[in-house]
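I opened this notebook to record what I looked up in the structure. The entries follow the order in which I took up each topic.

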Amino acid sequence: MLRSGAQPVAVPALAAAAPCSFISPLGLFLMSSDSPLATPDTAPALPAEVPLDERDGRYLRQAIGLADLGRSRGNRPFGAVLVSPSGEVMGEAWCNTTETGDCTGHAETGLVRAVSPRYTRDVLAQATLYSSGEPCVMCAGAIYWSNIRRVVYGIDAWRLRAFRGERLDQRDAELSCRDVFEASPYAIECIGPALIEEASRSHVGAWKV
């Protein structure tokens with residue numbers, strides 16, 4: 001198994017998230033009503049959570065754990081895992097942009113860099129990439145070029161923008177990974193958002209305000 005990032009370290013437990021405006025009493029992740037991204041007139045309909053089977057849930061939680069590991073090392077909280085059809089973990093990565101100073105050091109892109117020299121395109125086509133958050137445009141492109149054809153992700157880009165806020169150094173290019181995948185000449189299955197509450201906890205208190 002390949003791991004992209006610094007040497008493994010023990011993951012310190014993250015402080016329990018304080019009650020915030022993002023988690024409703026029903027456990028639904030919502031934008032704060034006073035967020036500049038969500039007003040009565042402009043708030044988007046957030047994508048519905050997708051249920052997962054036990055296997056997909058297990059590996060997505062592994063990706064979320066890597067997001068927490070990355071955060072504990074001073075990086076933004078994103079993690080990714082690549083798994084074969086037989087259940088072999090082919091590689092894993094966390095966002096390491098702060099550690100390395102490499103602005104392209106996103107979890108999914110780092111994972112693709114690690115696995116693509118080791119596995120053929122035919123093998124990668126059968127694998128599933130699990131990401132703690134919806135892949136950005138860059139990572140979606142890396143996934144496409146690697147020939148990985150199945151992606152499962154946690155928190156979606158819309159909900160994540162409530163954490164990113166309006167700081168220009170934290171905003172993303174507002175293009176869905178699905179827009180990139182749909183431009184592919186072959187099908188790339190994309191499943192998410194899933195485990196939204198679990199994937200959201202990694203981001204509470206992790207972004208500058």
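**Entry 1. Salt bridges**

I took a salt bridge to be a side-chain nitrogen of Lys or Arg within 4 Å of a carboxyl oxygen of Asp or Glu. I note that this is a predicted model, in which local features need pLDDT of at least 70, side-chain atom pairs count only at pLDDT 80 or more, and totals for chains, interfaces and linings use all residues. Residues are numbered from 1 along each chain as its sequence is written, and side-chain values use heavy atoms, with hydrogens and water left out.

I found eight salt bridges in the structure. One of them pairs Asp156 with Arg159, whose closest N and O atoms are 2.4 Å apart. Asp156 and Arg159 are both buried, where buried means under 20% relative accessible area, exposed over 50%, and partly exposed in between (1.4 Å probe, protein chains only).

I next looked up Arg113, which forms a salt bridge with Asp102 at 3.8 Å between the closest N and O atoms. Arg113 belongs to helix H3, while Asp102 is in the loop between helix H2 (97-100) and H3, eleven residues away. For these labels, helices (H or I, at least four residues) and strands (E, at least two) are DSSP runs, numbered from the N terminus. Arg113 counts as partly exposed because its relative accessibility is 45%; Asp102, at 30%, also counts as partly exposed.

I then turned to Arg150 and Glu189, which form a salt bridge with closest N and O atoms 3.2 Å apart. Arg150 is in strand E5 and Glu189 in strand E6 (residues 189-191), so this pair ties together parts 39 residues apart in sequence. Glu189 has a relative accessibility of 40% and therefore counts as partly exposed. Through shared partners, salt bridges join Asp56, Arg150 and Glu189 into one network.

**Entry 2. Glu134**

I located Glu134 in the loop between strand E4 (128-133) and H5. A polar atom of the Glu134 side chain lies 2.8 Å from the backbone nitrogen of Ala157.

**Entry 3. Asn147**

I found Asn147 in the loop between helix H5 (137-146) and strand E5 (150-155). Asn147 counts as buried because its relative accessibility is 4%. Its side chain and that of Arg149 are joined by a polar contact of 3.0 Å, that is, a pair of N or O atoms within 3.5 Å; within protein, one must be able to donate a hydrogen and the other to accept it, and residues adjacent in sequence count only if both atoms are side-chain atoms. A polar atom of the Asn147 side chain also lies 3.1 Å from the backbone oxygen of Arg121.

I took a nonpolar core to be a set of buried Ala, Val, Leu, Ile, Met, Phe, Trp, Tyr and Cys residues joined through side-chain atoms within 4.5 Å. The largest such core has 43 residues, and those with the most contacts inside it include Leu82 and Leu111. Helix H1 (residues 54-72) gives the most to this core, with six residues. Helix H3 (residues 107-115) is mostly covered, seven of its nine residues being buried; among them are Leu111 and Val115. Beyond its neighbours within four places in sequence, Leu82 is in contact (heavy atoms within 4.5 Å) with residues including Leu111, Val115 and Ile148.
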